[in-house]
Amino acid sequence: MIYKHIGALLILASVICQHGIAQTDADYKKRVEEVRKEVWGWNIPAFNNRTIPSALANEPGVIMAKHQEIKAISKNKFKFLVVTAAKYKEVYFTNTYREMVKVNDKATLEEYSEFSYQKSKRLERFFSRKLKGRVTILGIRIIKPDGTIKEVDVDEEVMIKDDNNERQSKVAVPGLEVGDIIDYFVSRQEEEAVGYRTEPYLFVFGDNKPIMHYSVHCEIGPTCAVEYRAMNGAPEFKVKKDEDDNILDAEYKDIPKSPVELWMSAAKQLPILRLNIRVGGPRKIKRKEGEVYRNQPYQQIIEDTKVDMKEDFYGSQLGLMAEALVNEIKPMIKSMRRQDDLPKDSLPYYIYYAFRYIAFYKVNPTDKINVGIERNYQAPNRKKFLIVLSLILDKFGVDNKIILATSMYGPDAKQVMLADDFEYIIKTTKNNPIYMCAEGVFTNCNYMPAEYEGQQYPSVMVKGFTKASIKLEDDATENIGRSAAKHNVQSENMKVSVSDNMEQLQFTRKTVLKGQMRQGAQKGLLLFEDYYEEERKALGIKESFMEVFADSRRNKSLADEYTAAFAKARKEWKDRFTDEISDAFNEKPKDVALYRIDNMGLRHTNPDLIYSTQFTMEGWIKRGGNNYIVDIGKLIGSQLQLKPSQIERNVDVYMPCARTFEYNIDFEVPQGYKAEGIEKLVVNKTNETGSFIADVKQEGNIIRLKVTKIYANSFERAGKWPRLIEIINAANDFQSSKILLRKG
Amino acid sequence: MNKLTKLPLLLLVSFTVTASCTYGLPGKSYASPGDDNVVISSKTEKYEFTYGSADNPVLINEQLNTVFRCDGYRTDIPYVEFYDDQSAIKEVNIFVDGKKNKLIRPKYEYYSIENIFYSDARVCYFQLPLEKKGSQSEVQVSKTINDPRYFSTIYFSESYKVENKQVILVVPQWMHIDIREMNFEGYKISRQKENKGESVVYTYIIQQLEARKNEPRSPGPSYIYPHLLVLSQYADVNGKKLTYFNTVADQYAWYRHLVLQTGNDAAVIKEKAQEITKGISSDTAKVKAIYNYVQDNIRYIAFEDGIAGFKPEKAQEVLKKKYGDCKGMANLTKELLQAAGFDARLCWIGTNHIAYDYSTPSLSVDNHMICALRYKGKFYFLDATETYMGFDQYAERIQGRQVMIENGEKYILEKIPVCTPSQNIETEKRIVRVDGNNLVGTASHQLRGESKEWLLTRIHSLKKDKLATALQSYLSENDHKYVITQLETSDLNERNNGLTIHYQLDYKDAVSGFGDELYIDMDFRKDMDNADIRLDKRTTDWVFPYKQNLVYETELVIPQGYKISELPAGLAIEEPAYSFKVNYKAAGEKLVYRKEITIKDTRLRKSVFEKWNTSISLLKKCYNEQVTLTKK
């Protein structure tokens with residue numbers, strides 16, 4: 001289905017709109033006719049082509065031509081408001097996307113067989129009299145192998161939403177058959193008032209189909225500024241003036257199918273053109289009207305980011321909020337100091353955890369009761385969260401700066417185009433630096449998310465603030481190193497025995513997750529009741545909210561309700577561990593006898609997540625006469641298996657982080673049996689990308705198996721891929737290892 | 001102080017964004033249906049037949065009053081009420097803790113149903129707060145159904161446990177209905193019938209009714225939940241008799257008047273029929289060609305659209321558009337066959353999701369349309385929505401179902417043939433020898449009927465550059481050590497013959513050598529090894545998608561210098577609903593392993609779950625047996 005295409009287009013074209021009008025049917029029909037005539041009449045030779053090269057004949061689908069046209073024209077207008085009149089600027093946007101695809105199989109036919117789109121949307125402002133709106137026009141033609149062109153009557157649609165504000169419809173494409181070419185366009189037209197912010201456009205020169213020709217054409221009026229950036233070998237725009245308008249054109253031909261999906265960073269690996277149109281706006285990032293800015297220096301984007309920060313500060317009253325929070329944290333610190341003399345260098349940590357507690361853990365009587373797993377997945381608005389935290393630290397005399405970081409999956413820090421490309425990280429600047437991030441409920445102080453590792457970043461410092469003003473200054477660049485594989489560890493420690501009936505393996509397992517390996521499992525396994533209580537005590541907060549509620553006449557019943565909600569969450573807990581075991585071993589356990597969290601890893605001082613499980617697995621021990629064969633390789637759990645299409649690779653490898661997997665397994669040989677074949681378990685595959693090492697020894701009736709798999713680096717050049725495959729394959733080969741338990 | 005206590009809330013609320021969470025919205029706690037935190041303490045459903053307008057002379061006014069109670073902790077629950085082109089919601093009143101709440105604004109939207117391109121179903125929904133433990137919230141909904149034909153079932157079960165429910169039907173003397181009580185067994189439902197003025201009032205009361213539970217592979221709700229079938233027979237309105245579905249003949253007449261409005265273009269269809277059957281002389285080949293043409297060229301798109309939900313699209317339109325729903329495809333098949341000189345008719349049928357047959361005149365009886373061919377005195381049924389089923393093969397969902405066949409002013413009731421599991425046989429034969437630690441050799445598969453349909457539907461949904469890889473993944477069960485080369489298949493678009501697959505096999509590390517012994521797992525396809533049923537959780541029968549007949553055979557050439565030292569015992573389980581047979585047979589230098597799993601009845605009843613689990617346990621035990629070869 002084509003939903004994804006239109007969805008992508010709408011993302012590219014979407015703007016946050018303030019007012020508009022749903023068109024009358026007559027207006028709409030007139031406009032549809034004009035747009036169809038114009039788009040089908042585009043003089044782009046690629047759309048006249050009817051043949052694909054023989055090399056592409058076996059592709060399920062080929063994008064023969066793709067063209068996107070952006071127009072942004074603005075003009076000044078007077079508007080009469082309730083008590084006054086104002087000069088006002090309106091902008092007319094059109095974003096038209098046309099694609100011509102050769103359909104070579106049923107799956108591709110299915111992909112293009114239905115279109116679903118927002119036909120119109122009323123976008124209104126309270127003072128508007130004549131409201132304008134957003135209209136989307138669809139055109140579809142089918143080109144038969146004999147060259148005949150059949151235009152689809154898209155009015156033969158079904159409405160899936162039809163009210164005063166919005167109309168959405170669906171069209172099933174009639175007459176489309178394998179062997180046809182489908183030529184369609186989606187044109188979104190909007191009329192906007194200035195005072196909004198456009199979303200940037202993204203032209204990605206890559207798809208899951210080969211693209212024979214891809215062109216982009218932009219006409220931007222003189223009252224708009226344009227900025228763009230060409231990344232990863234994307235074609236540059238050719239820029240020219242047509243009267244006062246800026247005309248930008250780009251073209252790219254013969255683009256092969258995008259490479260394998262595994263361990264990619266598309267923003268760094270696919271040719272991409274990014275374009276942004278600015279028409280002023282509430283964000284006071286100024287560009288000169290009529291100018292075209294190509295690959296702006298990142299220093300400019302830092303300036304923009306500072307403007308953004310200030311807008312967040314003023315708009316959300318972050319200064320006021322920070323002061324109130326300081327007032328809340330102060331007595332907590334005082335109380336803590338009374339119980340346990342808080343050392344001076346612990347203050348930033350305490351502040352961070354107190355702030356995290358207030359944001360994610362603290363319960364107020366008016367809150368909705370939310371103690372289930374969904375609570376673990378809460379995430380803050382990172383930027384506002386960290387600005388407030390920076391201000392709080394500042395108020396407590398903890399000097400700090402804000403590092404402007406970019407994700408491994410986004411552009412490099414020096415390739416940024418927009419302030420939104422930056423994420424924030426706090427760094428304290430005195431003594432041993434402490435980093436603070438805002439990933440979520442379980443983010444520890446001094447934790448650096450892997451996606452920000454391995455780059456040099458600019459930074460800014462808050463040089464004083466009041467409730468109403470803030471001063472920001474540039475600061476030195478910061479180098480964030482990469483964490484080593486030894487810091488990101490999954491350690492499985494297992495005692496495995498055979499059941500009395502010799503049909504199951506019994507596991508007693510302790511799992512330790514360190515560094516980057518930790519947060520996902522914390523979200524999946526921790527219970528709010530437990531982590532709330534642990535953090536409350538760690539922060540020196542005397543009474544739990546349950547105690548406070550129980551003592552309150554008004555909220556007494558709430559304590560009972562929370563007790564019921566906690567009980568329900570705990571009842572569902574076993575299923576979460578069962579799922580975890582199933583995921584880890586790619587096999588559902590027969591039963592789970594024990595599941596327990598030994599350490600929640602909530603603090604940097606004790607950061608590992610440790611949990612224990614006891615369960616049995618069936619089918620991993622098989623009888624052969626009087627003897628038994630044990631699938632001992634399966635004890636290391638499921639391992640990455642490459643798809644055939646992933647074996648060949650000529651693009652670099654972006655893994656989440658360098659990491660280590662350890663398996664310390666004690667296998668108990670049942671009485672009356674002797675183990676054979678353990679010497680075959682020894683493996684040592686080591687190269688510059690990592691290692692897979694298995695060592696074994698037998699002590700009495702215990703076979704001690706130690707297996708370590710290491711991915712040494714988070715990033716590898718494409719040329720190293722075969723070496724990485726050696727490690728992946730060694731782990732896979734080990735999985736089929738067996739030992740014999742011989743009777744006698 | 002007040003300011004301070006509010007700030008953190010502000011902080012969290014203003015900071016919290018939707019996380020990439022599959023469990024729900026962070027920051028909100030919604031009770032899910034079936035949740036024992038919430039019960040329906042009482043519900044009253046009142047249905048009253050009244051006079052309507054000239055267009056809709058008889059209406060049914062529906063008043064639904066539902067009181068929810070929170071038993072554990074405060075929460076919000078989703079309240080959902082459906083309506084469609086034939087019904088309307090007139091008023092919704094919401095009471096929270098006894099007070100009318102006007103701030104909650106119900107939303108009214110089209111309801112999107114997976115795999116249905118368009119449906120007239122609409123939904124009215126909102127979040128209903130339950131303010132604290134013990135508090136109650138009530139929703140009162142007034143609805144109108146415009147045509148008694150569409151008022152056919154009243155279910156007692158709800159998404160939450162019901163403590164007390166009343167269903168009241170007020171039937172004026174001028175309205176004639178028949179009420180059938182379905183699945184009442186095992187439930188305490190009291191009933192009362194009394195005359196009140198000019199009406200008869202039927203009252204049903206049920207207490208302590210468990211919540212509906214959505215379980216995978218369950219029988220359709222009409223098999224398992226207590227409900228009423230309301231059969232609107234006729235009405236005397238202003239001295240005029242309005243007949244609805246007094247008999248099945250009335251229902252047929254109504255269907256027929258709709259299909260007679262279709263407006264097929266005989267000339268266009270005849271031309272197409274001639275094109276499809278050109279050069280074909282035998283009748284059956286012509287029928288197959290037409291059937292296969294519709295299967296191959298018409299994309300199935302589901303429409304459920306009020307009255308249009310009963311009226312087929314014109315055959316020439318379906319032909320032109322290359323898509324259609326079941327009615328459109330059945331009508332096109334029928335028209336093409338008729339144009340080619342065959343006696344073809346439309347048929348109405350309820351799939352096995354529905355518990356009723358045409359002994360009940362009601363729109364609830366059927367949900368599908370197919371085509372019947374009468375040839376040499378026998379009916380054959382063609383359902384082109386089953387894309388890869390052959391002629392005279394039948395999908396489980398229609399097998400044994402009563403079918404209403406068009407026959408001029410009358411109709412014919414027939415039954416779709418019931419097929420044995422062998423229709424869907426899936427065989428695999430491997431001939432392998434030991435090569436070091438590997439098993440190498442050849443493998444051949446044959447798939448027929450629904451097992452073929454299942455596989456071909458899936459692989460044709462993949463792009464053709466991925467098809468070979470997908471087929472290999474299916475055959476190797478994603479085991480990268482099961483290396484397949486020289487893969488050959490029969491025509492993947494062929495419908496009337498079985499699908500055959502041949503390949504060379506190199507199954508690495510399939511042989512475990514210890515000392516003088518070789519241990520070999522003769523069966524790496526452990527079919528049904530995870531098929532045991534959780535007796536503590538499952539509440540409904542299990543329904544298999546189709547009758548299965550899996551026959552796997554592996555012939556192992558005993559390596560020179562080795563002999564068989566131990567053969568596993570095998571297994572033989574024969575039950576009315578299924579059978580599992582595993583045996584090992586040594587024959588000279590060969591060892592033949594044969595496994596046959598047959599699902600004879602697709603409905604595995606709760607009463608046999610324990611026996612089934614025992615059988616699965618024995619099957620698993622059998623899978624854990626290996627053949628031992630010892631050096632001579």
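Reader: Let's start with two helices. Which residues of α5(B) meet α7(B)?
Author: This is a predicted model, to begin with. From α5(B) come V287(B), I290(B), Y291(B) and V294(B). They meet M329(B), L332(B), T333(B), L336(B) and L337(B) of α7(B).

Reader: How many nonpolar, polar and charged residues is that?
Author: The contact has eight nonpolar residues and one polar. No charged residue takes part.

Reader: Where do those helices sit in the chain, and at what angle do they cross?
Author: α5 covers residues 283-297 of chain B, and α7 covers residues 326-339 of chain B. Their axes come within 10 Å and cross at roughly 150°. Angles over 145 degrees count as roughly antiparallel, so α5(B) is roughly antiparallel to α7(B).

Reader: Left-handed or right-handed?
Author: The crossing of α5(B) and α7(B) is right-handed.

Reader: Let's zoom out. What are the domains of chain B?
Author: The assignment gives domain 1 (32-243), domain 2 (248-419) and domain 3 (422-631).

Reader: How many Å separate the centres of domain 2 and domain 3 of chain B?
Author: 37 Å, taken over C-alpha atoms. The contact takes 14 residues from domain 2 of chain B and 14 residues from domain 3 of chain B. On the domain 2 side, five residues are nonpolar, five are polar and four are charged.

Reader: Now the two chains together. How many residues of chain B are in contact with chain A?
Author: 65 residues of chain B, and they contact 70 residues of chain A.

Reader: And which element gives the most to the chain B side?
Author: α1(B) does, with 10 residues. Elements supplying at least two residues each include α1 (2-15), α9 (464-476) and α10 (609-623) of chain B.

Reader: Over to chain A. How many helices and strands does chain A have?
Author: Chain A has 14 helices and 34 strands. Its C-alpha atoms fill a box of roughly 90 × 70 × 50 Å along the principal axes. Of the 744 residues in chain A, 43% are buried.

Reader: How is chain A divided?
Author: Into three parts: domain 1 (3-295), domain 2 (313-482) and domain 3 (486-518 + 573-743).

Reader: How many residues of domain 1 of chain A are in contact with domain 2?
Author: Nine residues of domain 1 contact eight of domain 2 in chain A. On the domain 1 side, β11 (225-231) and β14 (272-278) of chain A each supply at least two residues. The largest share, three residues, comes from β11(A). That side divides into four nonpolar, two polar and three charged residues.

Reader: Which strand is F185(A) found in, and what does F185(A) touch?
Author: F185(A) is found in β8 (residues 181-193) of chain A. Leaving out residues up to four places away in sequence, F185(A) touches V39(A), T96(A), Y97(A), R98(A) and G139(A).

Reader: How many Å apart are F185(A) and G464(A)?
Author: 53 Å, C-alpha to C-alpha. In sequence, F185(A) and G464(A) are 279 residues apart.

How values were computed. Residues are numbered from 1 along each chain as its sequence is written. Chains are lettered from A and ligands numbered from 1 in the order in which they are written. This is a predicted model: local features need pLDDT of at least 70, side-chain atom pairs count only at pLDDT 80 or more; totals for chains, interfaces and linings use all residues. Domain bounds come from an automatic or database domain assignment. Two residues are in contact if their C-beta atoms, placed from the backbone, lie within 7 Å. Helices (H or I, at least four residues) and strands (E, at least two) are DSSP runs, numbered from the N terminus. Ala, Val, Leu, Ile, Met, Phe, Trp, Tyr, Cys and Pro count as nonpolar, Asp, Glu, Lys and Arg as charged, and the others, Gly among them, as polar. Axes are lines fitted to C-alpha atoms, for helices over the stretch in contact, and angles run from 0 to 180 degrees between N-to-C directions. Angles under 35 degrees count as roughly parallel, over 145 as roughly antiparallel, 65 to 115 as roughly perpendicular and the rest as oblique. A crossing is left-handed if the near helix is turned anticlockwise from the far one by less than a right angle, and right-handed if clockwise. A residue is buried if 20 or more other C-beta atoms lie within 10 Å of its own, exposed if 12 or fewer, and partly exposed in between; C-beta atoms are placed from the backbone.
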